[in-house]
Amino acid sequence: MSALLTAHFAVTSFPKNASPPELTTKGPNVTAHKGSRIGATALAATAALLLAACSSSGSGSGSGTASGAAPGASSSSSTAAAGLPSLKGKHLTVLAEWTGAEQTDFQAVLNSFDSLTGASVSYQSGGANTGTVLQTKIAGGSPPDVALLPEPGLITTLAQQGALKPLTPAIQQEVAADYGPGWESMGTVGGKLYSVVYKASDKTTFWYNTAEFSQAGITPPTNWTQFLADCQTLSDAGITPVSVGGSDGWTLADWFQNHQIPWTDPSVIKALTTFGQLLGNQKYIAGGDAGALQTSFNTSVTQTFTTPPKAAMVFEGDFSATQITSTTKATIGTDAKFFPFPGPAGGSSSFAQVAGDMATALNTDPATMELIQFLASPAADAIWAHEGGYLTPNKLVPLSDYPDATTQQEAQMLISAGPNVDFSLDDLSPAAFGGTVGAGYWKDMQDFLKNPSDVQGTAKQLEADAAKVQWP
């Protein structure tokens, strides 16, 4: 029995500049892997350093200026909104996870749709429990018209149950024109498009304290060998290299990307061994393994940029910038920069592990489909992009729509990844295995953090825990 593991550590036996065959099917279309159901042959794990490693994005210092538009960008974000029909008198309901400032920004997008069409859209936040809230509404016979979900696995399940409706040919054409093939396939279940990635996060970024790097005399690494060498240089200079938020199991899971092989496959063993090169050196981790296991994601980011810092760098997604600016005095692009996850030496393909909110339809009403098509357009993207804290894989959105050079670079990384994108394990696997505190994959990786020399035992435990759950 195998299961879904994803590793930023990927086998290096594939041809240079080529993705492994297992990466050809993305996101919710997981049942298409080798034509079998996950529960039968299962999704599983690979090993080795991030094969596609984002290294083609350059050194990723975070300081470079990005100007103009992404490849193929439109000169006008408003053209996609032209021709929207009159929906006067139509009332639509939308469910998503956003609260606070994010809810305010999304509401501005919905208000624009109202103004352009005459419709009236009501928003409800489900917070972190949006998936559960939606399923409760479906069971009660009162689903929203549109739901934005961060879990492709749940989208697959709901599509197979018939709760979600295939999107119209017009939306399919919009997605085909505006998004790369990897993003389009994420929304496909059984050969039909059921969702569109509206808001995305790139989780393949290492954030670093520029003053600490300067003190040690190093620059951002471009491969894993150089990364370990930089860790040693930092350590020799009296600087702890890496901050790890080990008390949140998902931060450890984010070091992995998905392939379809057994958890006990030699490449998985190689992945854990490689990861152990970092975790096995107590001097490389802030607080050592014991300290890391008591450190949350938020703290792992904050302590990298406080004065004095407890570490020189932290691995997590582009959303780390919000934590940096809200809890420290560090300035993004000056004191805090990022570089892409350092892949294998000699690798040159870009890759992006992502999270995102995917727009789905709960009915076939033309107004529902019009709203989703609007969300898929650069016109809608531009509204939130201007406010910051937002990325889209829509390649027709000019980079100039983003408010600063760092966000523009993050957006470019998403576009540059092309078809080499995939959701993180947590979003693709059943919650009992990949999304439960103190259980399954998260606990297994925390146990590995405690004892990174137990590679074989960890692989066997991952295999056993994956076999306990029902895969969609």
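Before the first entry I wrote down the rule for naming angles: under 35 degrees counts as roughly parallel, over 145 as roughly antiparallel, 65 to 115 as roughly perpendicular, and the rest as oblique. I also noted that this is a predicted model.

**Entry one: H12 and H13**

I looked up helix H12, residues 297–305, against helix H13, residues 320–327, and found that their axes come within 9 Å and cross at roughly 60 degrees. By the rule above, H12 and H13 are therefore oblique to each other. I noted the hand of this crossing as right-handed. On the H12 side the contact is made by Phe297, Asn298, Val301, Thr302 and Phe305, and these meet Ser320, Gln323, Ile324 and Thr327 of H13. When I sorted the residues of this contact by class, I had four nonpolar, five polar and no charged residues.

I then followed the chain into the loop between H12 and strand E11 (313–315), where Pro308 lies. The peptide bond leading from Thr307 to Pro308 is cis, and its omega is near -5 degrees. I kept this as an entry of its own because most peptide bonds are trans.

Which strands make up the open sheet, and in what order? I found four strands in the order E9-E11-E8-E12, and the pairing among them is mixed. The edges are held by strand E9 (242–243) and strand E12 (336–340), each with a single partner strand, so one side of each is left without a neighbour in the sheet.

Is strand E7, residues 195–202, mostly covered or mostly uncovered? I found E7 mostly covered, since buried means under 20% relative accessible area. The count of buried residues in E7 is eight of its eight. Seven bridges join E7 to strand E13, residues 352–361, and the two run antiparallel. I also recorded that Ala200 stands opposite Gly356 in E13.

I turned to helix H2, residues 100–117, and helix H14, residues 366–375, whose axes come within 11 Å and cross at roughly 125 degrees. H2 and H14 are therefore oblique to each other, and their crossing is right-handed. From H2 I listed Phe106, Val109, Leu110, Ser112, Phe113 and Leu116, which meet Ala367, Glu370, Leu371, Phe374 and Leu375 in H14. By class, I had nine nonpolar residues in this contact, with one polar and one charged.

Last, I looked up helix H10, residues 266–279, and helix H19, residues 440–450, which pack at an angle of about 55 degrees with their axes 10 Å apart. H10 and H19 are therefore oblique to each other, and H10 passes H19 in a right-handed crossing. I recorded Leu272, Phe275, Gly276 and Leu279 as the residues of H10 that make the contact, with Met445, Phe448 and Leu449 on the H19 side. The residues of this contact divide into six nonpolar, one polar and no charged.

Methods
Residues are numbered from 1 along each chain as its sequence is written. This is a predicted model: local features need pLDDT of at least 70, side-chain atom pairs count only at pLDDT 80 or more; totals for chains, interfaces and linings use all residues. Side-chain values use heavy atoms; hydrogens and water are left out. Axes are lines fitted to C-alpha atoms, for helices over the stretch in contact, and angles run from 0 to 180 degrees between N-to-C directions. A crossing is left-handed if the near helix is turned anticlockwise from the far one by less than a right angle, and right-handed if clockwise. Contact means heavy atoms within 4.5 Å. Ala, Val, Leu, Ile, Met, Phe, Trp, Tyr, Cys and Pro count as nonpolar, Asp, Glu, Lys and Arg as charged, and the others, Gly among them, as polar. Buried means under 20% relative accessible area, exposed over 50%, partly exposed in between (1.4 Å probe, protein chains only). Two strands pair if DSSP finds at least two bridges between them.
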